[in-house]
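This briefing is meant to be read with the structure open beside it. Please follow each topic on the display as you go.

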Amino acid sequence: MGRTHEPPRLPEGGFAAWSRDRLAVARRGADECGDVWQLEPGVYVAATAEPCEAVLRRAQDFPKAPSPLFPPLKRSNGAPTPEERAHAHAARMRGLRAQAVAARTGEIATGVARFADCWPTGQDVEILPPVRRTLAEVGVRYLFSEDAPTLLPFASRLFLAREVLVRPSRWVWPRWVPTPARRFRTRQQVAFTDALRPIVRRRRSSGRLGDDVLGQMLRPSSRHGPLPDEAVLDTLPGITVATFETPSRAAGWILLQLARHPRAADRVAAEAALLPADPAATTSTHLDSLHYTQAVVREVLRLHPPSWLLTRHVRRRTQLAGYTIDAGSTVLVCPYTAHRDAREHPEPDRFQPERWLDDTGSPAEPGAFLSFGTGPHGCEGVALAMAMLTLLTAQTARRHHLSEPPGPEPGYQVTTFEGLATVGLRLRATSRS
Ligand code: HEM
């Protein structure tokens, strides 16, 4: 049974081809080599559902690199301990779990409805910047409630710092080299933290901790007591950007598919017509009833996983899909190809939201879905992301028909460096009424 040799190498699939078109090489690797293949010595790609899930679940053998986007700022009492990290994670999850998100559905619906209301109709618009602004407002409000307006401008600059950092560059400098991009990142992180610190102190000293995610992080746990202020301040820059960065990438793909599939958009609009006229009155029951809209969101995330490649390291020599993988190697987990495996999803390249519904029109789980990862490092924000994206899709389709600008070339580019995103996406909205 066991394949004790190394995974196959893709002919003409080295880094030069990879840098030119990563998606094409990833697909060729999956087609020609199967489960696991070798991009170059010591760099492997898990291409199908089984090895992808195995790598993500076996976090002891395949640890995630400690590469926080916003590393802890230097402080007198050192970096957060593993206990503080576990405590901070548990505290955040109290605010991010499905029940907590459900209780704030009306607020999320109100935020995303503003995007659909403000879309200028009858002209081609570059749509990602306003999507990102809207989702930043919704996400930052979700974390910080009435303190959101103070923090929003700093959050936007954190996003810019991230953009500068992830831009592909020829040289990867060692972590300790203070490149201009890293210095810019640190300045923005310090500015955000300086704006957040007085809010944390005020909430603690007034005893009004708040019911938002920050409030949950300030509540002492029975096991660990209160989380130190610096541990709260260190985790929140990354979480703040996470609330709107990947969701905006996803929203770009969703709006593009609504434009390309008018029949699906009509069906979303029909479902959305049952939502209350006042978005603030939207409840989790309304949200849960949007089965087709949720299926559209999942289908878009299947076809265009915004985090299409997840990196893991190999701690010790191990077996993966029957192959031997040496300690010190890197494994790239590829939800993009795992989702395009016909054994998981028949006619995998077809946009077919119905595959996420059973015969009665209720939600179904037809095959692999790794857009939010899985295992110990799976996405913390699934419930928030699904609520934001489902309501944004419903509110937009309810108000507008979308179309792509005419022309032989698509009105956008695909970037695949850090995530799978549309760049410069232009769309036109015409009012349905
Ligand atoms: C469509 C939207 C989103 C997608 C597709 C997405 C996807 C992912 C994926 C694939 C991972 C796993 C990364 C890995 O295993 O290396 C992840 C982790 C994470 N996500 Fe999301 N995410 C989304 C939205 C959000 C939101 C709204 C939040 C809000 C808090 C969030 C917070 C996080 C955090 C904190 C982690 C790190 C978990 C860990 O390392 O233990 N995400 N996300």
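This is a predicted model: local features need pLDDT of at least 70, side-chain atom pairs count only at pLDDT 80 or more; totals for chains, interfaces and linings use all residues.

By about how many helical turns are Glu245 and Arg249 separated in helix α12? They are separated by about one helical turn, because the two residues stand four apart in helix α12.

**Salt bridges**

- A search through the whole structure gives 29 salt bridges, and several of them are described here together with the exposure of the residues that take part.
- In helix α12, where about one helical turn separates Glu245 from Arg249, the side chains of these two residues meet in a salt bridge with an N to O distance of 3.0 Å, and both residues are buried.
- Asp212 forms a salt bridge with Arg203, in which the closest N and O atoms are 2.8 Å apart, and here again Asp212 and Arg203 are buried.
- The pair formed by Asp212 and Arg203 belongs to a network of salt bridges that links Asp147, Arg202, Arg203 and Asp212.
- Asp211 and Arg219 also meet through their side chains in a salt bridge, at 3.9 Å from N to O.

**Surroundings of the ligand**

- The shell around the ligand holds 23 residues, and those that come nearest are Lys64, Arg312, Ser371, His377 and Cys379.
- For Lys64, an N or O atom in the side chain is 3.0 Å from an oxygen atom of the ligand.
- When the shell is sorted by class, twelve of its residues are nonpolar, eight are polar and three are charged.
- Four elements each supply at least two residues of this shell, namely α11 (229-242), α12 (245-260), β4 (310-313) and α17 (382-399).
- The largest share, three residues, comes from α12, the helix in which Glu245 and Arg249 are found.

**A sheet of four strands**

- Strands of a sheet pair through backbone hydrogen bonds, and the pairing can be either parallel or antiparallel.
- In this model, four strands form an open sheet in the order β1-β2-β7-β4, and their pairing is mixed.
- The edges of the sheet are β1 (36-40) and β4, each of which pairs on one side only.
- From one strand to the next, the twist averages 30°.
- β1 pairs with β2 (residues 43-46) in the antiparallel sense, over four bridges, and the bridge partner of Gln38 in β2 is Tyr44.
- The edge strand β4 is also among the elements that supply at least two residues to the shell around the ligand.

**A residue in helix α15**

- Thr293 is found in helix α15, which covers residues 291-303.
- Thr293 counts as buried because its relative accessible area is 0%, which is under the 20% cut-off.
- Between Thr293 and Gly322 there are 29 residues in sequence and 39 Å in space, counted from C-alpha to C-alpha.

Definitions and conventions:
Residues are numbered from 1 along each chain as its sequence is written. Side-chain values use heavy atoms; hydrogens and water are left out. A residue is near a molecule or strand if one of its heavy atoms lies within 4 Å of it. A polar contact is a pair of N or O atoms within 3.5 Å; within protein, one must be able to donate a hydrogen and the other to accept it, and residues adjacent in sequence count only if both atoms are side-chain atoms. Ala, Val, Leu, Ile, Met, Phe, Trp, Tyr, Cys and Pro count as nonpolar, Asp, Glu, Lys and Arg as charged, and the others, Gly among them, as polar. A salt bridge is a side-chain nitrogen of Lys or Arg within 4 Å of a carboxyl oxygen of Asp or Glu. Buried means under 20% relative accessible area, exposed over 50%, partly exposed in between (1.4 Å probe, protein chains only). Two strands pair if DSSP finds at least two bridges between them. Axes are lines fitted to C-alpha atoms, for helices over the stretch in contact, and angles run from 0 to 180 degrees between N-to-C directions.
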